[in-house]
There are 2 protein chains.
Amino acid sequence: MPETTRDSVGLVTPQVAHFDDPLPLVCGKTLPAYDLVYETYGTLNQDRSNAVLICHALSGHHHAAGYHDEADRKPGWWDAHIGPGKSIDTDRFFVISLNNLGGCHGSTGPSSINPDTGRRWGPDFPMVTVCDWVDSQVRLADRLGISRFAAVVGGSLGGMQVLQWSLAYPERIANAVVIAATPKLSAQNIAFNEVARQAIRSDTDFHDGHYADHETLPRRGLKLARMVGHITYLSEDAMGSKFGRDLRSEDLNFGFDVEFQVESYLRYQGDAFSTSFDANTYLLMTKALDYFDPASSHQGDLAKALAPAECPFLVVSFSTDWRFPPSRSKELVNALIRAGKSVSYANIDSPHGHDAFLMPEPRYQAIFAGFMRRVADDLKLPSRQEADHAL
Amino acid sequence: MPETTRDSVGLVTPQVAHFDDPLPLVCGKTLPAYDLVYETYGTLNQDRSNAVLICHALSGHHHAAGYHDEADRKPGWWDAHIGPGKSIDTDRFFVISLNNLGGCHGSTGPSSINPDTGRRWGPDFPMVTVCDWVDSQVRLADRLGISRFAAVVGGSLGGMQVLQWSLAYPERIANAVVIAATPKLSAQNIAFNEVARQAIRSDTDFHDGHYADHETLPRRGLKLARMVGHITYLSEDAMGSKFGRDLRSEDLNFGFDVEFQVESYLRYQGDAFSTSFDANTYLLMTKALDYFDPASSHQGDLAKALAPAECPFLVVSFSTDWRFPPSRSKELVNALIRAGKSVSYANIDSPHGHDAFLMPEPRYQAIFAGFMRRVADDLKLPSRQEADHAL
């Protein structure tokens with residue numbers, strides 16, 4: 001943990017909420033009981049009006065800000081935007097960040113024990129969708145006594161959850177922040193997910209998902225899946241300026257060892273991920289992405305699908321994001337406008353592709369922080385200065 | 001073979017040229033002897049001035065036009081552009097199309113017998129580069145008595161060979177046609193190639209390239225490599241309009257069987273390729289792509305690298321090609337202009353992405369045919385009508 005922590009939430013400890021109420025899922029199955037692991041940052045105010053929910057993306061988890069340990073070198077994945085004085089200002093907001101069902105960071109998922117069998121769920125863990133996640137998040141909100149979020153916020157797959165909140169629970173979300181997301185995957189998006197799934201499922205160590213019983217991991221498949229993913233997270237320009245055609249050593253080796261720096265980077269990222277993330281979880285997360293399509297039950301009319309939403313929206317895209325390009329955010333914005341909703345939209349010039357949503361771009365921060373400041377002001381949440389003054 | 005063959009070269013028979021002269025390679029090794037398999041279309045004229053060389057792309061081969069058998073349902077891969085009255089008019093030109101060294105369609109490659117060991121080359125086949133291919137093509141030209149090509153023509157990796165011809169053998173190429181190509185791969189291009197290579201090399205059936213000795217094939221890896229390749233060959237729009245989010249059957253199955261049409265398409269393409277193409281060849285071809293960079297020996301100055309070229313160029317790109325986008329062709333065009341060369345450039349509006357170079361787009365055909373007509377006219381090659389009239 002770096003010494004300067006003035007704008008950090010500091011040390012945080014994950015908590016676990018256990019639920020015994022069975023959760024009916026979109027796929028038709030029911031999850032009998034489950035845990036959700038989560039973290040909170042900031043303080044819940046007396047009338048419980050200052051809560052903000054963070055929804056995570058494909059390989060994300062509950063550890064969004066701060067540090068778990070003094071020895072941690074890196075903070076949570078969205079520390080750039082969550083903390084005292086940051087876009088999601090923990091001096092004003094009480095922030096909840098959870099690991100979704102099906103995850104592999106503490107919430108019930110394929111690596112958990114199936115109470116019916118006493119063995120790991122593995123590939124028998126039921127298919128969970130964005131709708132199911134939001135339903136489970138509502139229960140977590142109930143548990144924490146939060147009847148309405150000041151805002152629900154997420155990037156990428158997280159943005160889909162925000163959208164679903166606004167449609168399924170309009171009375172429980174005061175503001176929606178949808179970043180680098182899309183109202184549905186394109187054929188190309190599905191195609192990339194399918195390559196990742198085939199890579200994992202065709203790994204001979206996958207054993208139809210029962211790799212744990214075989215005391216192995218489908219490392220090769222998960223590595224490939226992550227390598228493909230990384231290419232789609234970075235813009236062509238960002239890859240070009242980061243690696244170009246730089247060689248690892250002075251000369252070409254005319255073989256299949258690493259020659260170009262970009263190969264070394266991808267192999268390293270893939271190897272690291274292949275032992276730290278669960279393959280069955282990865283498969284579930286890609287399917288949740290594929291399935292999300294709120295317009296599908298309205299003959300493809302997104303504006304009609306958005307009718308139930310009541311809250312104002314902030315939609316943000318990034319100029320070089322080719323995974324969910326600005327055009328996909330505009331599709332959502334235009335449908336929101338057609339549906340008569342309140343929406344602010346910003347397309348941020350950034351060289352960083354899809355990954356830009358994780359980063360501290362000044363214009364992105366200004367717009368994000370500005371929107372959240374308005375949310376806090378509307379709710380009359382005191383600022384740090386006001387709170388200090390009141391003491 | 002369809003009945004109407006007026007614009008087809010009809011039945012063709014591949015031929016083999018054997019070379020006993022050792023070929024020194026860029027990697028430092030020497031190929032002691034080798035075969036090149038090739039086809040020809042049209043008739044070589046008396047002064048041998050009407051020959052056109054076709055250079056193939058990553059998974060291409062010598063069978064570019066016509067049919068091998070009356071029962072063939074599909075013609076060669078570039079039949080849209082080679083034939084009587086087509087862009088490369090076989091009434092006027094004598095066309096040569098070969099399978100490159102390292103290939104798996106008859107020319108010497110990893111599947112061939114290494115004369116030193118009496119066993120298949122397999123992974124010991126030396127690394128071949130674009131420069132080596134062009135050197136071997138020059139020997140084929142010598143064998144056929146062609147001292148100067150009216151044009152050398154190629155798309156994608158084929159376009160790189162055309163460029164290399166213009167630099168290494170300027171006196172032997174009268175015109176260069178470089179389609180959907182790039183003067184060098186970007187970091188993203190190399191990254192996609194690296195994913196393909198890792199997929200193949202990490203397949204447990206790859207056996208370090210000695211899969212033939214194990215009487216198996218790295219099908220899973222080659223399938224994944226082809227699936228990734230296919231995504232990069234098609235534009236996002238083309239995939240969207242071809243497949244969208246269409247389902248294979250009426251309902252979602254909430255499992256990992258094929259649900260979306262695009263998954264079905266990719267799996268089919270991958271499966272077909274995985275048993276028809278040689279994995280060691282695929283690895284070599286991707287490395288040849290990675291290595292090509294004529295500017296690298298000129299401190300990255302492409303215009304300087306292009307100095308030796310003497311012929312006029314036609315450069316063609318396609319608006320939705322994101323594998324080698326129009327910007328990469330413009331990079332080449334601008335360098336050619338800076339180097340004082342004669343260059344025509346067209347960016348063709350097409351929804352078909354990189355694959356557009358294989359297709360019969362009217363504006364593409366008009367520009368390609370127009371350039372080739374000028375080539376033929378300059379060489380005073382008689383047109384079909386003139387030839388008929390002279391009889």
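What follows is a chat about a predicted model with chains A and B.

Biologist: What rotation and shift superpose chain A on chain B?
Modeller: A rotation of 180°, with 0.0 Å of shift along its axis. The RMSD is 0.0 Å. That is the relation of a two-fold axis.

Biologist: And what share of the contact residues of chain A recur in chain B?
Modeller: 100% of them. The same surface serves both copies.

Biologist: Switching to the core. Which residues touch the most other members of the largest nonpolar core?
Modeller: A:Tyr282 and B:Tyr282. That core has 184 residues.

Biologist: What does B:Tyr282 touch, not counting residues up to four places away in sequence?
Modeller: B:Leu58, B:Ala196, B:Ile200, B:Leu222, B:Ala225, B:Tyr233, B:Phe273 and B:Phe277.

Biologist: Helix packing next. At what angle do H4 and H6 of chain A pack?
Modeller: About 130°, with the axes 8 Å apart. H4 of chain A covers residues 219-233, and H6 of chain A covers residues 261-276.

Biologist: What do you call that, oblique or roughly perpendicular?
Modeller: Oblique, because roughly perpendicular covers 65 to 115 degrees and roughly antiparallel starts over 145. The crossing of H4(A) past H6(A) is right-handed.

Biologist: Which residues make the contact?
Modeller: On H4(A), they are A:Arg219, A:Leu222, A:Lys223, A:Arg226, A:Met227, A:His230 and A:Ile231. From H6(A), the contact includes A:Tyr265, A:Leu266, A:Arg267 and A:Phe273.

Biologist: How about H1 and H2 of chain B: at what angle do they cross?
Modeller: Roughly 65°. Their axes come within 9 Å. H1(B) and H2(B) are therefore roughly perpendicular to each other. H1(B) also passes H2(B) in a right-handed crossing.

Biologist: Which residues are in that contact?
Modeller: Among them are B:Trp133, B:Val134 and B:Gln137 of H1(B). H2(B) brings residues including B:Leu157, B:Met160 and B:Trp165.

Biologist: Is A:Phe254 buried, partly exposed or exposed?
Modeller: Partly exposed, because its relative accessibility is 22% and buried means under 20%.

Biologist: And where is B:Gln299?
Modeller: In the loop between H7 (279-291) and H8 (302-305) of chain B. B:Gln299 has a positive phi of about 50° and is not a glycine.

Biologist: Buried or exposed, that B:Gln299?
Modeller: Exposed, because the relative accessibility of B:Gln299 is 72% and the cut-off is over 50%.

How values were computed. Residues are numbered from 1 along each chain as its sequence is written. Chains are lettered from A and ligands numbered from 1 in the order in which they are written. This is a predicted model: local features need pLDDT of at least 70, side-chain atom pairs count only at pLDDT 80 or more; totals for chains, interfaces and linings use all residues. Side-chain values use heavy atoms; hydrogens and water are left out. A nonpolar core is a set of buried Ala, Val, Leu, Ile, Met, Phe, Trp, Tyr and Cys residues joined through side-chain atoms within 4.5 Å. Buried means under 20% relative accessible area, exposed over 50%, partly exposed in between (1.4 Å probe, protein chains only). Contact means heavy atoms within 4.5 Å. Copies are superposed by least squares on the C-alpha atoms of residues with pLDDT of at least 70 in both. Axes are lines fitted to C-alpha atoms, for helices over the stretch in contact, and angles run from 0 to 180 degrees between N-to-C directions. Helices (H or I, at least four residues) and strands (E, at least two) are DSSP runs, numbered from the N terminus. Angles under 35 degrees count as roughly parallel, over 145 as roughly antiparallel, 65 to 115 as roughly perpendicular and the rest as oblique. A crossing is left-handed if the near helix is turned anticlockwise from the far one by less than a right angle, and right-handed if clockwise.
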